Amino acid sequence: MPVLKEFCCQVIYSQFGLAIHQNDHQARSRFVEWAQNEIAVVPDFHKRILFSDEAHFWLNGYVNKQNCRIWSKANPQVYVETPLHPEKLTVWQHSPSYRRYTATNVGKSHRKLDVQIGLHPSQPWLTTRTVDAEDRVLQELERNPSTSRRVVSRETHIPQATVWHIAHDEGLHPYHLQRVQALELGDYNKRMDFARWFLHESNADRNFAASVLFTDEATFSLEGMMNFHNLHTWADENPHAIRPHGAQRKCSRNVWAGIVGDCLFGPYILPERLNGSVYLTFLQEVLPEMLNDVPMPIRQRIRFQHDGAPAHFSIDVRAHLQATFPGGWIGRGGPIAWPARSSDLSPLDFFLWGFLEGLLYETPVATPEDLVGRIVEAAGWVQILLVLLRRCAVPCNVDAGRVSMLLEKTLSICCKLDISRM
């Protein structure tokens, strides 16, 4: 048998860096050349530079979803609330070069940190699993359920692999926290009132939920989304991979979409800045053309819904909706009030936008035209998926043979449409 050479791999997470534009390379080269010339003349020139910068510190802090977890035997369904408009504090700080840590100072700082947390270089590591080691690990996880294996290993001086096996044998799993919209004190009663009204209408009309036209707008950028939990590179050595992020020059597109029942309307590309007049033009000229494909019985009982964005609250917009959907539209200032900060109640927020992002950013987006084309293509896949889900909606009294035949027909449609990648 041929002898296979052992190949050792490890997961190396990509770093998050600022994107460099074409004109920036020359400016950076000139700065480096100037600094080298100054250091050649004055060796300690770098110690005379006063580095300064400003930074924003948000009231809600920083949520690192990669390390945000809860150790528990069952999913505790813990959420992290994110306010819509968080308060922030701008801070300016300077750092003279001569006060930077040298290699020796950094080493002393780490040794001092080890003494503070109770770890000494001479203390031996527990390489064998004992009852005492299990108790120490479980006590540490009970004391701080949101800790990590690395911290537990450092606190107990037990290898991370042993910590993982102890937690796994006890049925403990690291459940990630979910980030949700933060609610204000007055939002709870409004959400309860809307939920009671929606349930009352649904009990009176079993098809009521399918007659509500949920609408929303979303912004898609060229850079897409950064999921650091799954953003990594497999290699035997650290390749120092980076992911450029253009924080200063962004290109994005505003997209409108609507869902009524199992029908998707849009996407429609809106201007970069949406105001009341632009939104009113869309409602008067574009939306009626989209509703032409809706059967008349459904169209006559449609309940239009949108959130409380400033463009939606325009006087002209509310007057147009009142004339078009008399007594039957949902929104801020309308006959049926839409509760603020309730993205979890809209299918576009909890389903459509996230599904589109997953299709859009499978590969990097090159140009704005490419972004728009991908949005339209991804919306087409969503519409096909909704059609397939409707075809799979089989009554409970249908026999198994009928269900099997329907699934086989659905599978053949998937193969013909080449959506196996979904």
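A: Happy to! Among what covers the buried residues of α6 are β9 (212-221), β14 (303-305) and β15 (329-330); contact here means heavy atoms within 4.5 Å. This is a predicted model, where local features need pLDDT of at least 70, side-chain atom pairs count only at pLDDT 80 or more, and totals for chains, interfaces and linings use all residues. Residues are numbered from 1 along each chain as its sequence is written, and side-chain values use heavy atoms, with hydrogens and water left out.

Q: Which residues of α6 are buried?

A: Asp187, Arg191, Phe194, Trp197 and Phe198 are. Buried means under 20% relative accessible area, exposed over 50%, and partly exposed in between (1.4 Å probe, protein chains only). Down the axis of α6, those buried residues fall within an arc of 130 degrees, so they line one face of the helix. The arc is taken from the directions from the helix axis to the C-beta atoms.

Q: And what does the face turned away from the buried side carry?

A: That face of α6 has the exposed residues Asn189, Arg196, Leu199, His200, Asn203 and Ala204.

Q: New topic: which residues make the nonpolar surface patch?

A: Phe31, Val32 and Trp34 make it, with an area of about 310 Å². Patches are made of residues with over 30% relative accessible area and no salt bridge; like charges are joined within 9 Å, and nonpolar side chains (Val, Leu, Ile, Met, Phe, Trp, Tyr) within 5 Å. Phe31 is found in helix α1 (residues 22-41) and is exposed, at 52% relative accessible area.

Q: How many salt bridges are there in the whole structure?

A: A search finds nine, counting a side-chain nitrogen of Lys or Arg within 4 Å of a carboxyl oxygen of Asp or Glu. One of them joins Arg136 and Asp132 (3.6 Å, N to O).

Q: How far apart are Arg136 and Asp132 in helix α3?

A: Four residues, so they are separated by about one helical turn. Arg136 is partly exposed at 27% relative accessibility, and Asp132 is partly exposed at 46%.

Q: Which distant parts of the chain does the Arg301 and Asp205 pair link?

A: Those side chains meet in a salt bridge of 3.9 Å, N to O. Arg301 is in the loop between α8 (296-300) and β14, while Asp205 is in the loop between α6 and β9, 96 residues apart.

Q: Back to Asp187: which residues share its salt-bridge network?

A: Glu184 and Arg341 are linked with Asp187 in that network.

Note on methods
Helices (H or I, at least four residues) and strands (E, at least two) are DSSP runs, numbered from the N terminus. Accessible areas come from the Shrake-Rupley method with a 1.4 Å probe; for residues, only the protein chains shown count as cover.
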